[in-house]
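Subject: Structure for your review

Dear colleague,

Please find the structure below, followed by an account of what was found in it. I would be grateful if you could read the two side by side.

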Amino acid sequence: MDLGLTGKKALVCASSKGLGKGCAAALAAEGVELVLNARGAEALEATAAELRALGVAVTAVAADITTEAGQAKVLEAAGPVDILVTNAGGPPPGLWKDWGREDFIKALDANMLAPIALMTALLPGMCDRGWGRVVNITSQSVKAPIPQLGLSNSARTGLTGYVAGTSRQVAEFGVTINNLLPGIHATDRAVSLDGGVVAKEGITMEEARARREATIPARRYGTAEEFGKACAFLCSVHAGFIVGQNILLDGGGTNFTI
Ligand code: NAP
């Protein structure tokens, strides 16, 4: 299927590794010019070089996307874009009684206010041009809480509420906003969460992974590549009637009917 994206331009945040990189790679394969972002310049440059080899122009902007200064730097380098994929690192796990105001402010900045600031900056241009796509990488925790990720549950649910309303205000201009909700995917984030279980329970990484895989009906972790392809479809010309949705990619791990 031709996704109709050749010649479009995308800003993909937090994209030197993992799910963000998967989205960037899938868009590059469709002929989309890219602006990539991450804090660490070395991995970012390596990913930019890898994706340039697919024949598209790639600009790499090293910046912390959760800060106002980082957002300003990225937006200035990007200029007008047709596609925005928001993403950032997830908050650390913990226990509700240990979290104070500063912990919540940090989580809200990263996983709610940063994507909102980027949408606020880029949606007007998309609406004026009559076409645009926004995909926010959130989490399965929006549908079903992950108790130890209370900071993530809180911030991402806030973003979801914002998207629910805003997506319905921009749809008439040919602009769609949707959220992709990853379940467990084989990225550094998953390895780090498995590492926490290893440290706490004295088991091996293989045991920690096997335990988590057993909780997923597909009996495996998702891949950044398949996640990226779902993102590219949501950005495609064929997805213009998908508005304000929260789409789970979790191998069936979230157990509910609707
Ligand atoms: P990952 O493999 O750790 O990759 C994170 C990427 O984001 C890296 O390129 C990292 O580069 C960049 N990044 C992190 N913080 C950033 C910041 N402040 N500014 C700019 N770039 C930043 O993580 P992932 O698994 O792809 O996860 C992506 C998102 O999905 C996270 O929010 C995560 O919580 C969520 N999620 C993941 C899973 C999963 O199973 N993987 C499940 C549910 C939700 P630098 O470190 O160099 O900045």
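In what follows, buried means under 20% relative accessible area, exposed means over 50%, and partly exposed lies in between, computed with a 1.4 Å probe on protein chains only. This is a predicted model, in which local features need pLDDT of at least 70 and side-chain atom pairs count only at pLDDT 80 or more, while totals for chains, interfaces and linings use all residues. Residues are numbered from 1 along each chain as its sequence is written, and side-chain values use heavy atoms, with hydrogens and water left out.

With a relative accessible area of 7%, L123 is buried. This residue belongs to helix α4; helices (H or I, at least four residues) and strands (E, at least two) are DSSP runs numbered from the N terminus. Leaving aside neighbours within four places in sequence, L123 is in contact (heavy atoms within 4.5 Å) with V134, T166, V170, V175 and I177. D64, by comparison, is 59 residues from L123 in sequence and 21 Å from it in space, C-alpha to C-alpha.

Helix α2

Helix α2 covers residues 41-52, and its 12 residues should span 16 Å at 1.5 Å a residue, the expected span being 1.5 Å times one less than the number of residues. The end C-alpha atoms of α2 are 16 Å apart, which agrees. Within α2, the residues L44, T47, A48 and L51 are buried. Because they cover an arc of only 105° around the axis, they lie on the same side of α2; the arc is that of the directions from the helix axis to the C-beta atoms. An α-helix has 3.6 residues a turn, so residues three or four places apart point the same way. The packing partners of the buried residues of α2 are α1 (18-29), β2 (33-38) and β3 (58-62).

Cavity and pocket

On a 1 Å grid over the protein atoms alone, a cavity is a set of points where a 1.4 Å probe fits but cannot get out, and a pocket is an open set with protein on both sides within 12 Å along at least five of seven lines; lining residues have an atom within 4 Å of a point. Grid points are joined across faces, edges and corners, and a volume is the space filled by probe spheres set on the points.

The structure holds 1 cavity of 30 Å³ or more. The volume of the largest cavity is about 80 Å³, and of the 13 residues that line it, T86, N87, A88, A110 and P115 are the closest to its centre. Helices α4 (101-129) and α5 (150-170) each supply at least two residues of this lining, and the largest share, 5 residues, comes from α4.

The second largest pocket has a volume of about 270 Å³. Of its 14 lining residues, G22, A25, A26, E225 and K229 are the closest to the centre. At least two lining residues come from each of α1, α2 and α8 (224-235), with α1 giving the most, 6 residues.

Two loop residues

A14, in the loop between β1 (9-12) and α1, has a positive phi of about 50° although it is not a glycine. R219 also is not a glycine, yet has a positive phi of about 55°. R219 is found in the loop between α7 (205-214) and α8, and counts as exposed at 52% relative accessibility.

With kind regards
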